[in-house]
Amino acid sequence: MGKTLQILAATAFVLLGTTHQQTHVATAFAPIRRMLPNYANKSPPFTNNISKSISTSNSISKLHVAGIEAAWDSYLNVLEANPLAVKSVTAGVILGAADLSGQAIQQVMAAKDEQDSDVTAVKSDGGIDIARFLRFAFFGLILQAPWNHFYYLFLDGVLPPTPDPFTLTTGIKVFIDQFIQAPIFTVIIFAFLGTLEGKSKDEIKKQLDDDYVDTMLANW
């Protein structure tokens with residue numbers, strides 16, 4: 001990590017200061033050029049160092065970009081070969097990470113609100129609810145990805161995509177997605193996660209009564 005930060009700092013310094021540095025270097029070396037005629041055909045050492053630094057930085061940037069592109073291409077190839085499996089794993093990772101981020105934000109907000117309260121409320125594992133994280137990751141793996149996969153296959157089969165996105169077909173698909181599919185799937189989400197939490201049917205129904213409308217409004 002330290003070496004990476006040094007490279008980034010050096011790169012920023014070189015890119016931001018190259019023009020001014022080259023001007024000052026040329027001025028500083030002017031008397032020496034007059035004293036040593038053979039030197040006139042050579043570049044100042046510091047300018048050479050700058051050029052080498054820029055070349056090295058550009059090479060590192062190209063390697064990073066090439067690495068990202070290669071990883072993305074590999075992901076797309078695997079996705080094309082095994083769409084459902086890859087979508088499921090991806091959804092599990094994304095939803096799990098999203099929940100961890102949400103918990104981290106909640107911890108920061110709770111710490112600000114409870115600075116003068118009882119600190120024993122903080123969990124011994126640092127406040128991270130591992131069971132909740134696993135529930136959301138499992139939800140993405142088992143339900144979210146398969147549902148979306150087959151739902152959009154069905155929808156595209158009934159209403160094939162059009163080359164132009166701004167068509168009546170697209171509008172109908174958006175309407176179906178937001179006002180038919182989303183309300184149904186939201187109920188399934190509450191039931192699925194509530195079951196994983198060990199809630200009873202009455203508790204799940206109460207949660208739906210309390211949170212369903214706000215959830216749908218936030219979704220829209």
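1. Let's start with a word you'll need throughout: a residue is buried when its relative accessible area is under 20%, exposed when that is over 50%, and partly exposed in between (1.4 Å probe, protein chains only). Take S88, in helix 4: at 8% relative accessibility, S88 counts as buried.

2. Some ground rules. You're looking at a predicted model, where local features need pLDDT of at least 70 and side-chain atom pairs count only at pLDDT 80 or more, while totals for chains, interfaces and linings use all residues. Residues are numbered from 1 along each chain as its sequence is written, and side-chain values use heavy atoms, with hydrogens and water left out.

3. Now the overall picture. The protein chain has seven helices and zero strands (helices are DSSP runs of H or I with at least four residues, strands are runs of E with at least two, and both are numbered from the N terminus). Of its 220 residues, 20% count as buried. Looking at contacts (heavy atoms within 4.5 Å) with a separation of 6 or more, 65% are between residues 24 or more positions apart.

4. Have a look at helix 5, residues 130-158. Its 29 residues should span 42 Å at 1.5 Å a residue, and the end C-alpha atoms are 41 Å apart, which agrees. The expected span here is 1.5 Å times one less than the number of residues. There is still a kink of about 40° centred on G140; the bend at a residue is the angle between axes fitted to the seven residues ending there and the seven starting there.

5. What happens at the start of helix 5? A side-chain oxygen of D129 comes to within 3.2 Å of the backbone nitrogen of A131. Further along, the buried residues of helix 5 include R135, F139, G140, Q144 and P146. Helix 4 (83-113) and helix 6 (168-196) are among the things that cover the buried residues of helix 5.

6. Leaving aside neighbours within four places in sequence, S88 is in contact with G140, L141, A145 and P146. A polar atom of the S88 side chain also lies 2.9 Å from the backbone oxygen of L84.

7. Not counting residues up to four places away in sequence, F136 touches L95, D99 and L193. F136 and A97 are 39 residues apart in sequence, yet 9.0 Å apart in space, C-alpha to C-alpha.

8. Finally, the largest pocket, with about 460 Å³ of space. Of the 20 residues that line it, the closest to its centre are F139, Q144, T186, I189 and T215. A pocket, on a 1 Å grid over the protein atoms alone, is an open set of points where a 1.4 Å probe fits, with protein on both sides within 12 Å along at least five of seven lines; lining residues have an atom within 4 Å of a point. The volume is the space filled by probe spheres set on the points, which are joined across faces, edges and corners.

9. Which helix gives the most to that lining? Helix 6 does, with 10 residues, while helix 5, helix 6 and helix 7 (201-219) each supply at least two. T186, found in helix 6, counts as buried at 9% relative accessibility. Leaving aside neighbours within four places in sequence, T186 is in contact with Y212, T215 and M216.

How values were computed: Polar contact = N/O pair within 3.5 Å; in protein donor to acceptor, adjacent residues only side chain to side chain.
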